[in-house]
Amino acid sequence: YSYFAPHYPNDAVQPLLYASLVPLLGLGSSIVRKRTVDMIALIVLLALSINIAAIFLMPSIRWALVARSLNGLFTATVLLVSALFGKPLFYYVARQFVTANDPARLDGFDAANALDGKRTFTRVTFVWAFGIYTLCGLNMTLALYLPPAGYLLLSQITNFIGVITHAHTHA
């Protein structure tokens with residue numbers, strides 16, 4: 001963003017669009033290299049799509065950043081609904097990581113989840129949903145009060161710290 005921003009008017013959204021294309025290209029190359037789209041890739045692709053849509057739909061960079069800061073609302077709501085309906089998404093994410101789709105490992109993973117009464121992944125999914133809601137609120141506040149370059153830097157730091165803290169305290 002900081003590279004492109006000086007070449008456009010102060011409230012231009014083009015630098016934000018260009019900055020959003022970098023992770024999209026990285027995800028695309030990962031999908032091509034692995035020749036598969038997994039649950040994590042789908043979540044990232046959805047978030048990037050929301051970021052890019054916000055850039056085109058919002059009247060200014062400030063509002064595009066506010067919309068971008070709220071992209072986790074959809075993810076958090078999907079997590080919350082999945083847990084409420086007894087199909088917690090973290091079960092499927094963990095299953096993919098732990099078993100690598102190996103049939104023998106899948107059976108063991110499913111058996112362990114059944115013995116637990118599906119409580120662990122339901123609880124983890126609820127906790128992550130509420131953590132993401134909290135990060136969205138924090139990032140929205142940052143988007144409203146910081147200059148764009150400051151928001152883009154600080155929101156990445158708060159997201160990283162939030163995810164690491166959340167993962168560590170709820171593992």
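Helix 6, which spans residues 103–115, contains 13 residues and reaches 18 Å from its first C-alpha to its last, close to the 18 Å expected at 1.5 Å a residue. The expected span is 1.5 Å times one less than the number of residues, and helices are DSSP runs (H or I, at least four residues) numbered from the N terminus. The structure is a predicted model, in which local features need pLDDT of at least 70 and side-chain atom pairs count only at pLDDT 80 or more, whereas totals for chains, interfaces and linings use all residues. Residues are numbered from 1 along each chain as its sequence is written, and side-chain values use heavy atoms, with hydrogens and water left out.

The buried residues of helix 6 are Leu106, Phe109 and Asn113. These residues cover an arc of only 70° around the axis, which puts them on the same side of helix 6; the arc is taken from the directions between the helix axis and the C-beta atoms. On the face turned away from the buried side, helix 6 carries the exposed residues Ala104, Asp107, Ala114 and Leu115. The buried residues of helix 6 pack against helix 5 (89–99) and helix 7 (119–145), contact being defined as heavy atoms within 4.5 Å. Just after helix 6, glycine 117 adopts a positive phi of about 70°.

Side chains of opposite charge can pair when their charged atoms come close. A search of the whole structure finds 2 salt bridges, each defined by a side-chain nitrogen of Lys or Arg within 4 Å of a carboxyl oxygen of Asp or Glu. In one of them, arginine 95 pairs with aspartate 110, and the closest N and O atoms are 3.3 Å apart. Arginine 119 is partly exposed, its relative accessible area being 48%.

Conventions. Helices (H or I, at least four residues) and strands (E, at least two) are DSSP runs, numbered from the N terminus. Buried means under 20% relative accessible area, exposed over 50%, partly exposed in between (1.4 Å probe, protein chains only).
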